[in-house]
Amino acid sequence: MPSFRPRKPYKIGLITTFRCNAACENCCFGCRPERGRTMTIDEMKHYVDICMDAYPDSIKYLDLTGGECFLLGNDLDEIVRYGKERGLSVALVSNGYWGKSYSSALERILKLKAAGLKDIAFSVGDDHQHILPLKGCRNAAVASARAGYKVEFRMETKLWECSVYEKLKEDSAFMRLVNAGKIDIVFWKWQEFNNNIRHGRGYPCHWRPYEESKPCNLLFNTIEITPYGDVLACCGIGNTRNPHMRLGNVWKEPVKTIYERTYEDILKIWIGKEGAQAILQYVHDNSDIKFHQSGNGCESCMEIFENPKIIPFLREHYDDWANKIYFY
């Protein structure tokens, strides 16, 4: 069997809370207003400390997400400040609910900037709108851009359409910041049939994934920790849904032991080297297994682990593909 030398991670990712003031049907972490497990400030500092102690020379970044991390209140400012004190570049992602007015949004982001926040991104989509008006996220993004941040504004698309963007194109102040390069628009494709699969609907097909497979850049770089202290193998969507991505718990084992366990799984090595779609292409070409989905990246990865026929097939044909996988 091939052996692989672990790469050192360069990032800590804290899923600071499973609470969110939205309840999007397609939320990758299943966050809801009533789902309340949240990291305490002492837990967040502890997670940063044990990761930095394990990899003091390689970790340079701290990413904060959720759920909605702004629900942490002053603890958010404190962990940003602590991350900076530990020499980390701190970034976060938010749904921007706190931008109820432009002035309140600017006041909030300047407070975080003073604490040491380096980067900020926003996530918005049609599923947000029945609970969180677009105005809040818009105000938060505009305030952040004017405060000096290069803002990443992520918008979900369905069937290659994005109603949120159509509304924002009529906002002259927002678009001036886009055109000036201060707000970077990123479209995130969320195909409608993902939810059909989640609820047991949809029909699998024997199709060959047609897009060029790309190596996964979400594996082998981040120590991703949940509010329960579980370490996940990647920071992509669906990671909390996938038991194969759970490596261990930092309250039970050293974080270095847990993180380097990723390299004991040759299937993850294959995904990291060639991409999940390459695995689906192999399965298609050597079996009659049908797929529900085969998009690039996380969609293909979820198909590999959730389709009950794929992993048994790969185990059966292990000798055919395993020795072809190399990871440098």
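The following questions and answers go through a predicted model of one protein chain.

Residues are numbered from 1 along each chain as its sequence is written. In this predicted model, local features need pLDDT of at least 70, side-chain atom pairs count only at pLDDT 80 or more, totals for chains, interfaces and linings use all residues, and side-chain values use heavy atoms, with hydrogens and water left out.

Reader: How many helices and strands does the protein chain have?
Author: Helices (H or I, at least four residues) and strands (E, at least two) are DSSP runs, numbered from the N terminus. On that basis the secondary structure comes to 13 helices and nine strands.

Reader: What percentage of the residues in the protein chain is buried?
Author: Buried means under 20% relative accessible area, exposed over 50%, and partly exposed in between, with a 1.4 Å probe and protein chains only. The protein chain has 328 residues, and the buried share of them is 55%.

Reader: What share of the contacts with a separation of 6 or more joins residues 24 or more positions apart?
Author: Contact means heavy atoms within 4.5 Å. Among contacts in the protein chain with a separation of 6 or more, the share from residues 24 or more positions apart is 73%.

Reader: Which residues touch the most other members of the largest nonpolar core?
Author: A nonpolar core is a set of buried Ala, Val, Leu, Ile, Met, Phe, Trp, Tyr and Cys residues joined through side-chain atoms within 4.5 Å. The largest one has 92 residues. The members that touch the most others are Leu-14, Leu-76, Ile-120, Phe-153, Phe-174, Ile-183 and Leu-314.

Reader: Which residue caps the N-terminal end of helix 9?
Author: A side-chain oxygen of the capping residue lies 2.9 Å from the backbone nitrogen of Leu-267. The cap is Asp-265.

Reader: How are the rings of Trp-270 and Tyr-282 arranged?
Author: Rings of Phe, Tyr and Trp (its six-membered ring) pair if their centres lie within 6.5 Å; planes under 30 degrees apart count as stacked, over 60 as edge-to-face and the rest as tilted. A search of the whole structure finds 15 aromatic pairs. In this one, the ring centres of Trp-270 and Tyr-282 are 5.7 Å apart and the planes are at 70 degrees, so the pair is edge-to-face.

Reader: Which parts does the pair of Trp-270 and Tyr-282 tie together?
Author: Trp-270 is buried at a relative accessible area of 4%, and Tyr-282 is buried at 12%. Trp-270 lies in helix 9 and Tyr-282 in helix 10 (residues 276-286), so the pair ties together parts twelve residues apart in sequence: helix 9 and helix 10.

Reader: What covers the buried residues of helix 10?
Author: Nine of the eleven residues of helix 10 are buried, so helix 10 is largely enclosed by the rest of the structure. The cover includes helix 9, helix 11 (298-306), helix 12 (310-316) and helix 13 (318-321).

Reader: Which backbone oxygen lies 2.7 Å from a polar atom of the side chain of Thr-262?
Author: Thr-262 is in the loop between helix 8 (255-260) and helix 9 (266-274). Thr-262 is buried, with a relative accessible area of 2%, and touches residues including Phe-220 and Lys-268. The backbone oxygen belongs to Tyr-259.

Reader: What is the phi of Phe-220?
Author: Most residues other than glycine have a negative phi, and most peptide bonds are trans. Phe-220 is found in strand 7 (residues 219-225) and is buried, with a relative accessible area of 6%. Its phi is positive although it is not a glycine, at about 65 degrees.

Reader: Where is the cis peptide bond that has omega near 25 degrees?
Author: Gly-67 is found in the loop between strand 2 (61-65) and helix 2 (74-85). The cis bond runs from Gly-66 to Gly-67.

Reader: Which side chain is joined to that of Asn-307 by a polar contact of 2.8 Å?
Author: A polar contact is a pair of N or O atoms within 3.5 Å; within protein, one must be able to donate a hydrogen and the other to accept it, and residues adjacent in sequence count only if both atoms are side-chain atoms. Asn-307 is found in the loop between helix 11 and helix 12 and is buried, with a relative accessible area of 9%. The partner side chain is that of Glu-303.

Definitions and conventions: Lists of a residue's contacts leave out its neighbours within four places in sequence.
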